Amino acid sequence: MALVSHCILVLHVLDIFPKMGILKIKGQEGGLLLHNCRKNSRSRVVQVGVVVALKADGARDFSPALKLAKSIQTDSLPPFVRDSTMRAIDTLGGRVTVGDVASQAGLKVTEAEKALQALAADAGGFLEVSDEGDVLYVLPKDYRSNLGAKSLRLKLEPILDKVKGVAEYAIRVLFGTALLASILIVYSTIIVLLSSGRSDDDNRGNRGGYQNQRYNNQGFSFYLSPADLFWYWDPYYYRRSRSVKRSGGMNFFESVFSFVFGDGDPNEGLEDLRWKSIGECISNKGGVVSAEELAPFLDVPPYGEDTQTDESFVLPVLLRFDGHPEVDDKGNILYRFPSLQRTAVDWLGRRKATSSEGLPNVYFSESQWNFSKASKVEQALVIGLGAFNLVGVIVLSGMLRDYSLVQQLRGSGLIPFATKILPLLQAYTATFFAIPAFRWFALQQKNAEIEKRNRARLGWVAALERAGLDLRAKLKSAREMAKRTVIGRERVIYSTEKDLAVQDYEAQEWEQRLKERN
């Protein structure tokens, strides 16, 4: 069979730049790209290609050319992009377009395409081409196991995540332990200094006996540790702590860290849900939407007459999902996303059966920051112990200023140790209350800004609900311009999964179809 006479390029590595229509070419043993250059309704060149293998002797081998790469391309992907793409593939059944993954995972179109190429190459996937030149990626059911067997990074990441979790917990425990250790050292030193206030006669009488045995004992302060105190105070502490943790509460160490440093960003991961919701919104509405429909998910100014004409907030969505503005016959500006209009599955029907949980489908709402997730009782206990430590450090600092007393007890093991670490104790005590105070004032301003953004989005939601005649006509025009094409298997004219001769069509028919589309 004759090869297609036009648009045949010799490739070693598939490196497609869809927007620019550029292909990186290397003239050595690698693969062939059956390549069709066609123009859509906007006269924008679209690159469509299918790779087939080229043997060293010049014979054609139409086995999947994606398998030619020897390196693990998936390891070069950011973990979030890789994991989001894999979840989207699982949700959509393993046969997807770039637009399917971009809308389902909330990724940029370029990120989704790069991830699909890497996964297909590493996990034994293959490509399909429809009669309109759409490229589909098909992954086998066991692609995760295939990928895991090749990628060392996928094997190590779970272990590293566990180590990271243990390290983070250890830091929390150490900070809480430092509070107990500070109290123990401070008040033990105070007791020693107060005991030294006995009469000089008593001191001289005990200089060679009792006092030396008690106070000259090097390392006295190390016989007791905070963990030992828990054993003396509550022998069932650790068992009870694990029980409380399983029920969602905090142990003492975690509550200390939570009071001082907080519990992290409550909106962590919410930005990803925002883009997933925007992708779903665009796909649900057929790939054509108005700015008013996107506003509830974006950072927008409050709704009003002066803000209705400024739709610059839509620009991030256009850049992420490869969209462009269009004007209807009534002069309304609408936004079309061609990549999200081509799908490999009945995504709307599948979404009804497996709806995504936790997605803010109505509007994007940010959560306000909590000062601490510890309960009021736990916070009161932490504040009480912190104040107790503060008083002790202040008293100890004053007592250690008595140079004659310190010199008198310079042979003791505890006093020199306390003198050396006193600056650390003072710094710890100061930050113990300074950091929460600073956080409290900062959170007031941050929560006010979050509330302002949430109210602005709700204003756009309310505007949609009570839409006037002009807005209704604009939304109706968007629905009329919308078009969603489901690419079933019956529309596939080429697949890299099988040999060309087995696919029951001739190269002449392939070329004829290409000519008909041009």
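This is a tutorial dialogue on reading features of a predicted model.

Q: How many helices and strands are in the chain?
A: Helices (H or I, at least four residues) and strands (E, at least two) are DSSP runs, numbered from the N terminus. The chain has 19 helices and 15 strands.

Q: What share of the chain is buried, and what share of its contacts joins residues 24 or more positions apart?
A: Buried means under 20% relative accessible area, exposed over 50%, and partly exposed in between (1.4 Å probe, protein chains only). Of the 518 residues in the chain, 44% are buried. Contact means heavy atoms within 4.5 Å. Among contacts with a separation of 6 or more, 70% are between residues 24 or more positions apart.

Q: How is the length of helix 17 read against its expected span?
A: The expected span of a helix is 1.5 Å times one less than its number of residues. Helix 17 (residues 414–465) has 52 residues, and its first and last C-alpha atoms are 72 Å apart, close to the 76 Å expected.

Q: Where does helix 17 bend?
A: The bend at a residue is the angle between axes fitted to the seven residues ending there and the seven starting there. In helix 17 there is a bend of about 50° at I421, with a proline, P423, following within four residues.

Q: How many salt bridges does a search of the whole structure find?
A: Side chains of opposite charge can pair when their charged atoms come close. A salt bridge is a side-chain nitrogen of Lys or Arg within 4 Å of a carboxyl oxygen of Asp or Glu. The search finds 21 salt bridges.

Q: Which parts does the salt bridge between D134 and R342 tie together?
A: The closest N and O atoms of D134 and R342 are 2.5 Å apart. D134 lies in the loop between strand 8 (126–130) and strand 9 (135–138), and R342 lies in strand 13 (residues 342–343), so the pair ties together parts that are 208 residues apart in sequence. Both D134 and R342 are buried.

Q: What does R336 pair with?
A: R336 forms a salt bridge with E326, with 2.9 Å between the closest N and O atoms. R336 is in strand 12 (residues 333–336) and E326 in strand 11 (residues 324–327), 10 residues apart. R336 counts as buried, at 16% relative accessibility.

Q: Where do the partners R457 and E366 lie?
A: Their side chains meet in a salt bridge (3.0 Å, N to O). R457 is in helix 17 and E366 in the loop between helix 14 (347–353) and helix 15 (376–399), so the pair ties together parts that are 91 residues apart in sequence. R457 is buried at 0% relative accessibility, and E366 is buried with a relative accessible area of 14%. Salt bridges that share partners join E271, R274, D299, E366, R453 and R457 into one network.

Q: How do helix 2 and helix 11 cross?
A: Axes are lines fitted to C-alpha atoms, for helices over the stretch in contact, and angles run from 0 to 180 degrees between N-to-C directions. The axes of helix 2 (residues 98–105) and helix 11 (residues 270–284) come within 6 Å and cross at roughly 130°. That makes helix 2 oblique to helix 11; angles under 35 degrees count as roughly parallel, over 145 as roughly antiparallel, 65 to 115 as roughly perpendicular and the rest as oblique. S103, Q104 and A105 of helix 2 make the contact with K276, G279, E280 and S283 of helix 11.

Q: Which residue other than glycine has a positive phi, and where is it found?
A: Most residues other than glycine have a negative phi. D322 has a phi near 60°. D322 is in the loop between helix 13 (315–321) and strand 11, and counts as buried at 19% relative accessibility.

Q: What does T85 touch?
A: T85 lies in helix 1 (residues 79–92) and is buried at 0% relative accessibility. Leaving aside neighbours within four places in sequence, T85 is in contact with V101, L107, A115, L116 and L119.

Methods:
Residues numbered from 1 in each chain as written. Predicted model: local features only at pLDDT ≥ 70, side-chain atom pairs only at ≥ 80, totals over all residues. Heavy atoms only, no water.
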